[in-house]
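Try each task before you read its solution.

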Amino acid sequence: NAEHLADRLVPYTLAGTGITYLLTRNMTKTLAVLMVDFSCALKLAMPVSVLSAIREASTHSITVKGGKYMEAMADATTIVFDKTGTLTKGVFEVTDVVPAEGFDKDNLLEYAAYAESASTHPISVSLKKAYNQKIDNTLVDHIQEIAGHGVEADYNGHHILAGNAKLMKLKGIGYSAYTKAGTLVYVAVDDKYAGCIVISDIIKDHAKEAISGLKSLGAKETVMLTGDSASTADLVANTIGIDTVHSELLPADKVEEVEKLLAKKSVKEKLAFVGDGINDAPVLSRADIGIAMGGLGSDAAIEAADVVLMDDDPLKISLAMKISTKTLKIVKQNIVFALAVKFICLVLGALGIANMWLAIFADVGVMILAVMNATRALTIHN
């Protein structure tokens, strides 16, 4: 840290001043050495650069909630993603309806739509859209969401279950496992398996490019955590180039997986988690850097995050890392330049060669040059 370095070098400046006076007994030369102070340029090297970088990021719809998060982005080596709404658009469509014996496609969609009638989740919305008829809420009651599994409800005298394979297993329903890629919604009516509805999501346009960009900037591992089925998760991961996939997870499982990844990395390395839903808020808070999608993202996720992508474009993650990396390079340039000039001037002052004008340049002049160099962070483009 440049500011801490400046504070640590103050005793050396005072020591150099004392030595100069003892050697020369000349107050002018002594004051010239004292003027060569380390604090100004070094104390401004980091904050001006980081503030300029935050300003630059904001012009690209990236909100960074503090300088330490801008700095940390450069050290992010493990990037963990949620899937729905983060790497995919969260726009679901029913692509297949597979009724079991004794049911047809229309009443299977009807049962699923009524069971999901109280939910605003994108999957629920897609089911109601596919049903394409007005839902009479007076016909459905006792709706209960089972976290990480699905929902159950009573509809028109029938008990309906709609959710993933875990829900069928939890309720002891024998079902026919479906292998087609997509989000699978299994439906049971009165404890009898009624069929499966396949819902597909659309991968975001820049998702593959974003993963490639992160790896080129030094990301060692990209990980996707999702509650979706293994087939769906693997399809998305293989398409965009994700290294590791953990599927069929509950919200608490995501926190556990992130804890394992945090334990594996070194102290200097950082872990970033990218998510958008209310269930992602605990993981966003636990990660070294929490990144939320600001457009489709929930208020809880945005509040818990350290960085917010206002246009939901995953490509902006690599841009934020690029801005952070280049900003730290600028900071290092300022530190090296300031130390070199001031050290030379201190030596010249101690030898009685430096005059007051050179001392002023070493203090004020170097500070101005450092600030001017720091503003280069305002021109970092994608």
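**Exercise 1.** Which residue in S9 does Val80 stand opposite?

First, some ground rules: this is a predicted model, where local features need pLDDT of at least 70, side-chain atom pairs count only at pLDDT 80 or more, and totals for chains, interfaces and linings use all residues. Residues are numbered from 1 along each chain as its sequence is written, and side-chain values use heavy atoms, with hydrogens and water left out.

Step 1: find the strands. Helices (H or I, at least four residues) and strands (E, at least two) are DSSP runs, numbered from the N terminus. Strand S2 covers residues 76-82 and is joined to S9 by five bridges, running parallel; two strands pair if DSSP finds at least two bridges between them.

Step 2: look across from Val80, and you land on Val223 in S9.

**Exercise 2.** Is strand S9 buried or exposed?

Step 1: set the cut-offs. Buried means under 20% relative accessible area, exposed over 50%, and partly exposed in between (1.4 Å probe, protein chains only).

Step 2: sort the side chains. Glu221, Val223 and Leu225 point one way, Thr222 and Met224 the other, and all are buried.

Step 3: conclude. Five of the five residues of S9 (221-225) are buried, so the strand is largely enclosed by the rest of the structure.

**Exercise 3.** Which strands stand at the edges of the six-stranded sheet?

Step 1: write down the order. The open sheet runs S3-S8-S7-S6-S5-S4, with antiparallel pairing.

Step 2: check the ends. S3 (93-99) and S4 (140-146) each have a single partner strand, so one side of each is left without a neighbour in the sheet.

Step 3: zoom in on one end. S3 pairs with S8 (residues 192-200) over six bridges, in the antiparallel sense, and Asp96 stands opposite Val198 in S8.
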